[in-house]
Amino acid sequence: FPTRRSSDLMLEFVEAYATPEGLSPVVGDADDGRALVLGREDVRDHRALLSTGAVLFGRGSFRERAGKLREDTLWLLGPESVATFDALAPSPAALTRGFPDAGFFVLRSAAQYVFVDAGPVGFKGRGGHGHNDCLSFEWHAFGRPVLTDSGAFVYTASPEWRNRFRSTAFHNTIRVDGEEVNRFPSAVALWSLRNDAVPFDVVLTAGGDEDTLVAAHTGYRRLADPVGVSREFSFDRTKARLVLRDRITGAAPHRLEFFFHAAPGGTGEANADGSLLLRWVGGLRARITPRTAKAVSWRRAPGWFSPSYGVRIERESWVASLDIETPFPFEAEWELVAASE
C-alpha cells in the first residue's frame, strides 16, 4: 500500500470532492477505467476508497464520509477490518477545502455543495485530459445536483463529440466572442489544448456565514482587444444560496455568454423579470437571477450529460448572453437560490 502521507493526501481529496449523493463530480475526462473491480458500487462512487482509508489510517472523517464499510475494504483487508471500522469514532470532515496546486476547490454546507475548477489546462500546459472548464463549477442543493459539468462521453470514437464535450460551451463558465477559452490545436488533436487560460489571483477565504473564492484567467487576453475575465463565488453557509460576480475588462465591444447546465431532469423557464426558473420532479427548484446594467437574453441550448463512458443523456442547458459596449469593466452578478418542497 502507499505510504501514510501520500494516501492521506489523496484520500483527503476524495473526501472533499464527494458530492452529497456520494458520487464524484463529472469534471474533465473519465473512461470508467479500473485496474481491479472488487465491489458493485456505481463507477462514480469512490467512497470505498474512504472506507479502506479509514481502516488503514484510523481516520474518523473518512469513516463519516464513507457512510459504511464498503465491499472493497473486505476484499482488500479481510474480515477483521469490520471491527476496526466499527471501532472508529466518526468525526466531521472539513466543509470547505482548497487544493490550490490542482486548482480545485470545494465549498460545502448542510444545504449545498459547490465544486469549482480554477486550475490550469493540465499536463504541463498541453491539455491532456483537461477540458475548457476554467472558472466552471458544479452546484448541488438539498442532496441533489442542480447545475453540473457535462462529463467526457467518448474519445476517438467521435472526434466531433470529443471536442464538443470538452468545449467551453459544455461547462458552467464564461465565453467571449464565441471563442474557446483554450484553443484546439486541430480538430483531431484530441488530447491537447493550447495553454491560453492560465489562472491567477486565486484566493479562498473561508469562515463565518460565508465562504468566498475569487479567481481569474488569461484565456481571452489573446484577442485583438485583450479581455480579462474573473469570477467570485460567494457561498452562503446558512442556506442554499450562491452568488457569482463576474468581472470583464476590455476596450472594445464584445459578445458575452454565461452557461448554466441543468442536472438531468430539470426543466427551465425564462421569466419576464429576467430570471431563469429550473424545476425537477420531487419538488427541487432553483432560480438564477441576473443583476447587470444591461438586459440579459436567455436561450435554451442543446445539452448533454455523460455519467459514464459512451453514455450521454439529453438535458437542458441555458445560455445568458448580451453584447457589451464600452465602458469597461463590466460586472454581472448572478444570484442562485434553491428550494425543496
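N163 sits in helix 6 (residues 159-165), where helices (H or I, at least four residues) and strands (E, at least two) are DSSP runs numbered from the N terminus. The model is a predicted one, in which local features need pLDDT of at least 70 and side-chain atom pairs count only at pLDDT 80 or more, while totals for chains, interfaces and linings use all residues. Residues are numbered from 1 along each chain as its sequence is written, and side-chain values use heavy atoms, with hydrogens and water left out.

Is N163 buried or exposed? N163 counts as buried because its relative accessible area is 10%; the label buried means under 20% relative accessible area, exposed means over 50%, and partly exposed lies in between (1.4 Å probe, protein chains only). Leaving aside residues up to four places away in sequence, N163 touches F184, A187 and L190, a contact being heavy atoms within 4.5 Å. The N163 side chain also makes a polar contact with the side chain of R166, at 3.0 Å. A polar contact here is a pair of N or O atoms within 3.5 Å; within protein, one must be able to donate a hydrogen and the other to accept it, and residues adjacent in sequence count only if both atoms are side-chain atoms.

Over in strand 10 (residues 241-249) there is R247. R247 counts as partly exposed because its relative accessibility is 37%. Its contacts, again not counting residues up to four places away in sequence, are G228, V229, S230, P329, F330 and E331. With E331 there is a polar contact too, side chain to side chain, at 3.2 Å.

Strand 11 (residues 254-261) is mostly covered, with 7 of its 8 residues buried. Strands are taken to pair if DSSP finds at least two bridges between them. Strand 11 runs antiparallel to strand 6 (residues 174-176), joined by 3 bridges, and V176 stands opposite L256 in strand 11. Strand 11 is also antiparallel to strand 16 (residues 313-324), this time with 8 bridges; here H254 faces I324 in strand 16.

Now for the pockets. On a 1 Å grid over the protein atoms alone, a pocket is an open set of points where a 1.4 Å probe fits, with protein on both sides within 12 Å along at least five of seven lines, and lining residues have an atom within 4 Å of a point. Grid points are joined across faces, edges and corners, and a volume is the space filled by probe spheres set on the points. The largest pocket has a volume of about 770 Å³. Its lining takes in 36 residues, with P25, V27, G28, D29 and A30 nearest the centre. Helix 1 (4-17) and strand 3 (112-117) each supply at least two lining residues.

The second largest pocket holds about 640 Å³ of space. Of its 26 lining residues, A48, L49, T52, D72 and L76 are the closest to its centre. Helix 1, helix 2 (47-57) and helix 4 (71-77) each supply at least two residues of that lining, and helix 2 gives the most, with 6. Helix 2 is itself mostly covered, as 9 of its 11 residues are buried. After helix 2 comes G58, which has a positive phi near 65 degrees.
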